[in-house]
Amino acid sequence: MPSATAVNKHRPSELLSRLASDDPEVKVRALREVKNQIIGNPTKKLSFLKLGAVPAVAGILADSIDEVTGNNSCNSNTSNILVQSAAALGSFACGFDAGVQAVLDAGAFPNLLRLLANPNEKVVDAGARALRMIYQSKLAPKYDFLQQKNMEFLISLLNSEKENVSGLGASIITRSCETSLEQKALFDAGILRKLNSLLEGGSLSQRDASLESLTTIFRNNPEVISKFAGPEIGRPLSSIIDLANDRYPRTRLLACMCLIVIRNASPHFLQDIGIKTKIIHILLELLDDPSQVGDEAPFAFSSLIVQKEDLQKLALEANAIDKLHHHLKKGSLHPRRYEGILLALADMCSKLESCRSKFLSLQVLNLVADALTDHNAGVRTAACVCLKSVTRSIKNLSAGYFMNEIIVIPLVQLFPDPSTSVQVAALGAVSNIMVDFTTRKSIFVQCGGMKQLVQLAKSMESAVRSNALRALKNFVFQADNRMKEGVFSELTASLLSSLISDPEPSVQEQALALVRNLVDGCINLIELVFAEDGLILGAIGRQLQCASKAEIGIQGMYALCNVASGNEFHKEAVIHQLFTQMGDKNQSFVLKFLQSNDSQLRTATVWTIVNLTCPSSPGAPGRLEKLRNAGIISQIKNMVNDPCVDVKLRVRTVLGQSMAFGDN
């Protein structure tokens with residue numbers, strides 16, 4: 001059994017005191033011991049951070065560099081201290097953002113860069129390795145490639161024969177290249193040619209680092225991709241395709257990610273169905289990898305198939321849903337992998353009914369429902385996103401597969417979630433489920449869902465307000481009068497009018513859409529917009545006069561259209577709103593909408609005029625006269641050959657109705 005003295009020697013506080021020793025050998029041993037204790041151990045790293053270990057190690061590094069500079073030489077003791085202090089700082093930074101931040105705050109970064117100029121190869125390698133650890137983090141300092149001296153330094157790193165030095169150069173690109181201007185600058189400087197040479201003749205580490213850098217430089221830049229794929233560099237795409245078949249899982253993953261970025265930015269590349277199928281199979285196979293590669297594989301898979309029906313069909317044929325389901329059933333997944341698999345299923349089910357049918361036939365739904373209560377916010381969000389994709393199926397919604405306690409109750413329980421992302425995702429899923437045409441919406445009311453939606457409509461987060469209103473809009477769609485009146489009593493006219501006037505356009509749109517659905521029905525429902533002296537109707541008119549986008553105009557006009565379908569009082573109130581906002585110098589928003597490039601906005605506007613000029617209505621001639629004097633009927637006459645069939649039909653209806661009152 002070790003003595004108390006031996007145990008104390010390894011305690012963090014004791015190690016820190018030994019770091020201050022004047023004896024170089026004691027200092028080196030203490031540095032090595034710190035490094036060994038914290039490698040791969042976040043708890044230990046945090047313990048040392050709290051004791052101020054990073055500033056102490058950074059101070060040792062700085063003092064040793066100053067000593068080398070002052071003496072213009074580097075003895076073995078100093079070299080060992082430089083190597084071990086750099087290694088310790090790199091270990092603090094490795095995979096641990098708090099460690100990276102501590103290293104940067106301690107001012108160690110510029111001194112680590114200075115190590116790259118040291119004559120001792122071990123010192124250079126230790127410095128490069130530590131800097132690579134820092135550049136694994138998003139906290140790493142951004143490098144400005146547009147400055148000539150920085151580009152020259154980067155080129156010198158990539159040209160180095162030392163693996164960690166050239167790898168550092170690639171890592172700097174991966175973390176720092178963000179704009180198309182920087183991507184072009186790197187290409188013009190010949191960086192891609194160098195990275196390609198590392199792909200073909202470099203070590204495993206250099207190949208992987210180069211693949212990551214190329215992926216960064218290619219992202220959303222078809223111009224750079226076209227130049228890279230041209231004859232001047234050689235056979236670069238072939239090199240990347242070859243690496244997708246490499247023996248090492250991480251290399252295969254990185255090669256696939258690079259190919260996906262190329263195809264997403266430039267679809268005319270990699271059109272061969274064999275290559276696309278191969279990438280799908282490789283990524284599905286990588287799900288079996290127990291390391292971080294397996295955690296990242298589903299995210300790469302998602303980026304390949306997202307919004308692409310052809311690739312989703314290929315993935316379905318490759319049994320992707322079966323394989324993703326198989327991994328979900330295993331349980332005890334790493335949160336990152338769990339999240340990725342759920343998002344991959346979401347993308348698989350985003351467009352194709354055949355994929356949704358497969359999903360439901362395998363009973364994946366129950367596993368996704370379980371994920372709604374996971375402790376990890378990313379997993380909960382992904383589960384909601386997955387449900388949102390699956391519930392896009394009108395057929396399955398109509399069958400009532402989702403409006404049940406297993407799905408609805410855990411979703412409602414996520415409404416007050418501390419994560420805004422979870423709230424928004426849960427609301428997105430609920431919005432789809434609320435379109436359910438069955439009478440089972442009472443389940444949602446009974447578990448408190450409707451009242452919570454009203455509370456979320458008051459959220460400080462605009463995305464939450466918007467999505468809560470979207471869910472309420474769908475909830476009242478084709479609902480019975482009692483349910484609509486219940487929603488309105490919770491919302492109140494004052495809250496609805498304030499939401500219509502919300503500073504965020506997305507909230508305005510959804511608030512207007514909610515009103516549109518609320519008043520779609522009998523006369524009693526139309527009366528809702530006249531509550532509290534017509535607060536809601538006035539808010540609609542004001543918002544239409546200053547509508548910032550077509551979608552707001554569409555929903556607002558359909559709301560007025562539904563009100564105008566009512567009795568004479570309702571129609572007169574609408575015609576009043578069409579003109580009450582006009583000043584002497586203002587053109588009617590109705591004319592602007594009729595001249596819009598958006599066919600849906602033109603349709604909604606003409607529909608409203610149809611309802612206002614119905615020949616059976618006693619006040620129709622007077623309203624028609626107001627419309628004629630404002631130039632609206634003249635504009636409608638110019639729309640008889642509108643390219644949109646719906647608009648054309650409604651225009652003919654208006655003109656027919658106006659002729660009934662003697663208009664030519």
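Q: What is the lining of the largest pocket made of, by class?
A: A pocket is an open set of points on a 1 Å grid over the protein atoms alone, with protein on both sides within 12 Å along at least five of seven lines; lining residues have an atom within 4 Å of a point. Here the lining of the largest pocket has 18 nonpolar, 13 polar and 11 charged residues (nonpolar: Ala, Val, Leu, Ile, Met, Phe, Trp, Tyr, Cys and Pro; charged: Asp, Glu, Lys and Arg; polar: the others, Gly among them). This is a predicted model, in which linings use all residues. Residues are numbered from 1 along each chain.

Q: How much space lies in the largest pocket, and which residues are closest to its centre?
A: The largest pocket holds about 1600 Å³, a volume being the space filled by probe spheres set on grid points joined across faces, edges and corners. Q136, R175, E212, R250 and Q292 are the closest to its centre, out of 42 lining residues.

Q: Where does the second largest pocket lie?
A: Among its 14 lining residues, A87, G90, S91, R129 and M133 lie nearest the centre. Its space is about 180 Å³, and its lining has eight nonpolar, three polar and three charged residues.

Q: Which residues line the largest cavity?
A: A cavity is a set of grid points where a 1.4 Å probe fits but cannot get out. L259, I260, R263, L270, I275, K276, I279 and L304 line the largest cavity, with a volume of about 50 Å³. Six of these lining residues are nonpolar and two charged, with no polar ones.

Technical notes: Predicted model: local features only at pLDDT ≥ 70, side-chain atom pairs only at ≥ 80, totals over all residues. Heavy atoms only, no water.
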